[in-house]
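I opened my notebook to go through this structure piece by piece. Here is what I looked up, in the order in which I looked.

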Amino acid sequence: MNYKTWFNKSTKDVDSLQEQDIHREDDKLVSPKENSSPETRYHLIYDELPDLLCTVDNNEIILDCNKSYAKTFGYSKNEIIGKTVFYFIAQEESKDYEESFKTWKQTRQFQNRKVLFKRKDGTKFRSPTIVNSLYDKNGTTIGESIIIKDIVESQEETVKNNHPQIQSDQSKSNTHMPNAEKRYTSVYDKTPALLRTVTIDGTIIECNKTYAKSLGYTKEECVGKSIYDHAAARSIEDLKINMKNWLKTHETARSEIWMKRKDGSIFPTVLNGTSLYDEHKKLVGRTMVMIDMTDVYESKVRVEESQKQLQDQVKRLEKLNLRISLTQQKYKNLYEKSPAMLRSITTEGTLTDCNEAYAKSLGYTKEECIGQSFYEHTADQSISTLKENLESWVNTREVSQKEIWMKRKDDTIFPVLLTGDTLYDEYGNVTGRTVSLTDMTEIYDTRKKLQEDEIRLKEQYENLKQSHDLITSAQQRYKNLYEKSPAMLRSITTEGTLTDCNEAYAKSLGYTKEECVGKSMFEHTAERSVNTLKDNLANWMNTRDVGHYEIWMKRRDNSIFPVMLTGDTITDMQGNVVGRTVALTDMTEIYDARRKLEEKESKIRQQYDELKKLDVAKEEFTSMISHELKTPLTPIIGWCQALKNPKIIGEMSPKQLQAVDAIQSNALKLKDLVSDMLDTHKLDMKQMKFDHKYIDISEMMGFLTKNLHSVMEPKHLEFINSTTESLVVKSDRSRLEQVLNNIILNAVDFVPEKGRIEVRAETKDDQVQFMIKDNGIGIPKEKQQNLFKQFYQLDTSATRKHGGSGLGLAICKGIVEALEGKIWVDSDAGKGSTFYFTIPLEANLDTLSMEEKVPVSNR
Amino acid sequence: MKVLGIDDNSDINSLLGTVLIASGHQFISVTDGREGIKLLKQNPYDIVLLDLAMPEFSGFDVLETLKKEGLIEKQKIILLTASSITDQEIDDLLKTGISSYLRKPLDIDVFLERVEQVYNDK
């Protein structure tokens, strides 16, 4: 396309704009780079056109604009280039424009409309606006050409003012020609354009002053010349073609013709023309209009320079764009490739962008989504939620997290979690928000699956319960045994936590069963037994044997009571220990019984002690009696002796002496009687004390015989000690002597005058046997059994010199038996009596020497 | 010889005193053990006749006090007792520095003989 086409187009556009038409042919507009010469012209025309022209790239950034554009808006060209077209649109309509622009992006059809623009000084004007796409060689969109018809109201005027010649020529040739004949000549001459009128063969028949002057000729020199004489050699061919075409079509094709001056220099013109006819409507010639383009060509350099500048700027901008787009690309990629569903919306909820994931998830294409309201993508049930969310966001600028349901293109719905960020423009105004929607379907599915699992588990549980119920009836019996057992039963885990217990257990502790279960068994244990129970638990874990323990339990009221703990280990089906059931037997009664026993024992001990004290008292009493009875006898017997001793008191008469003798003998009898009675008493009470010492029996027998010799004398008795053995025994010598004396003195009483008494000690088995043999009256067999009883007297009437208390033999028996021996008699009436008694032969001479080293007794 | 008799029974004191004086000895008697100790602290006696069973201050108390006062070594003591004290107990007493003992009721002749014997012992 050359500039002429452009020219036509421009004028045509203006016309067609008024008809609100769309120009499809303009889509074929070609990049100005195709042809350098038309390009120059293009710029010239572009700049000079009355319409406001601007060229934008795909991002709506202005790459170029014409003078009209700059002038109308009140900016310099440089100020304009690099700004977006939106900058020049009044704010109140910018959204509309954006809408339209989007529509254009999608449909490639721009709704031509009257747009409200804003000048630098803030004034506004409304003008019809046309947008045409620009393509490169490959048909790819590279930008738009925007044509704004300057202020609609004064359109005609503006056009006339800017292009008077062209416009007037056009109007004359097209519409005003017949009426303009009168004015023709004057106008013809004065017109600044070069005008010449030629015949059909190209001979100049007239020209105006401008023409002649421009060529360096006079008007007269020009007339009669051929047009070819005034054309530059390079344009002659063009001119010939033009002439030929004109003859054919009667129309002057707009051409670029170089003219030749008189001096041979050339200059460019743009040629146009009008055909002239005669009265017969026969073509006779034409008027050729040529506009000197020298100025235009001279400004070419400047234009080229500014073009170059423009290109540099474009390059810079491209670089900048590239950088921005790279950065943008990054975000764009993040945005685009994010697996999360992302959408950007305006404050009204209209989608300005979204990513693939978003569109795909909803079953739309990205393009389908953009421009739609987000409510269209929202399930009905969540619209109110989303509205609230939007309102809340507009107020607070915070996108609160919400779970909402989205609606797909096919009306299926799915849950998402909505979060997001607010978007601001460079002035800090909220322009929208980017929202991230996380598909919750899986989470919901998982939830659902969990619910299903729960249902399945419930079913399994039901099944188990059924089979459990079957077992339960059997278990119930055991359960009843457990529950109703009078023993306290509890089941615990290996940590000691109660999993169950029976009524008896709970009741005994003062709790309800429910209060017990889940508690640690240590809570039910008295502090004093906690360690024992811990040991028990540890031991049980090792051996699985619960064992038997006595522990103290603690009731709710902190009172304690003793129990016996026994139990069984509970194992699961794999044999792992899971706990134990423990039976606790209340030991309170047993403890009470024990205590009672202890009390009784203590009482008995006390009684025993008291008795013992009593015994001691008795012993003391005996000792006291002995003392008190013997003490008065001392002065009685002593004074009797003293009285009888002439050296002490003086001589007594025979009668006095007889009286003192009587007193003395009776006092002596009383003394013996007191001794016997005390001995009997001591033997009865087992209070008699014995001093065990080693005794040389033969020595003792000899001593005794010697001592008693005086007793034998009055009756002239034969008293024989027939002991031959040398014997040593450990015993109480004084008591042995007492026994021997008693028996011997008894014998003395019962043997006749010149009778015979024999005494002997000898070993018999492991005993020492004493024998006291007399030839007295003897003792009848029937009386022998009572012989050793207290107060038994063989012959109460018998005149006796010694004893007579009837206690003698009883005392002998008591002493012998106390010395672990025996006493008996071998006798018969008239045959004499032989008394025997034994004592154990505890020691022999060998052991004697050894045992003498040790103190015998401390009593 | 100078003999001190300590016996709560004054009849026994007078009997023993009569017998001893008749034999040419000096005899002083008290019926309370504490008085006896007072006298023993003032002057030593050749022989002390000591009854064991006395009310309030017994013969054992007297022995204990003399032991504490360090007088028991210097004093010849013959115990006289009517109590049912065993031979063993008497032997034990003899080991603590007692010279001799006699059981009541006494034989006057045995008594005099014993007193003489103890007096003549070293």
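**Entry 1: ground rules and the interface**

I began with contacts: two residues are in contact if their C-beta atoms, placed from the backbone, lie within 7 Å. I kept in mind that this is a predicted model, where local features need pLDDT of at least 70 and side-chain atom pairs count only at pLDDT 80 or more, while totals for chains, interfaces and linings use all residues. Residues are numbered from 1 along each chain as its sequence is written, and chains are lettered from A and ligands numbered from 1 in the order in which they are written.

How many residues of chain B are in contact with chain A? I found 19 residues of chain B in contact with 24 residues of chain A. I then asked which helices supply that side of chain B. Helix H1 (10-22) and helix H4 (87-95) of chain B each give at least two residues to it; helices (H or I, at least four residues) and strands (E, at least two) are DSSP runs, numbered from the N terminus. H1(B) gives the most, with 6 residues. Sorted by class, this side of chain B has 9 nonpolar, 6 polar and 4 charged residues. For the classes I used Ala, Val, Leu, Ile, Met, Phe, Trp, Tyr, Cys and Pro as nonpolar, Asp, Glu, Lys and Arg as charged, and the others, Gly among them, as polar.

**Entry 2: the two chains overall**

I noted 26 helices and 27 strands in chain A. Of its 859 residues, 25% are buried (20 or more other C-beta atoms within 10 Å of the residue's own; exposed means 12 or fewer, partly exposed in between, with C-beta atoms placed from the backbone). Among the contacts in chain A with a separation of 6 or more, 51% come from residues 24 or more positions apart.

For chain B I noted 5 helices and 5 strands, in the pattern β-α-β-α-β-α-β-α-β-α along the sequence. Chain B has 122 residues, and 36% of them count as buried. Of the contacts in chain B between residues at least 6 apart in sequence, 62% join residues at least 24 apart.

**Entry 3: a sheet in chain A**

Next I followed strand E6 (residues 194-199) of chain A, where 5 of the 6 residues are buried. I counted strands as paired if DSSP finds at least two bridges between them. E6(A) pairs with strand E10 (residues 283-292) of chain A in the antiparallel sense over 6 bridges, and 3 bridges join E6(A) to strand E7 (residues 204-207) of chain A, also antiparallel.

What are the partners of Thr197(A)? In E10(A), the bridge partner of Thr197(A) is Thr287(A); in E7(A), Thr197(A) stands opposite Glu206(A). The hairpin of E6(A) and E7(A) has 4 residues between the strands, and Gly202(A) there takes a positive phi near 95°.

At the E8 end, 6 bridges join E8(A) to strand E9 (residues 266-277) of chain A, and the two run antiparallel. Ile257(A) stands opposite Thr269(A) in E9(A). Axes are lines fitted to C-alpha atoms, for helices over the stretch in contact, and angles run from 0 to 180 degrees between N-to-C directions.

**Entry 4: a helix pair in chain B**

I finished with helix H2 (residues 33-42) and helix H3 (residues 59-69) of chain B, which pack at an angle of about 30° with their axes 9 Å apart. H2(B) and H3(B) are therefore roughly parallel to each other (angles under 35 degrees; over 145 is roughly antiparallel, 65 to 115 roughly perpendicular and the rest oblique). The residues of this contact include Ile37(B) and Leu40(B) of H2(B) and Val62(B) and Leu66(B) of H3(B). By class, the contact of H2(B) with H3(B) has 4 nonpolar, 4 polar and 3 charged residues.
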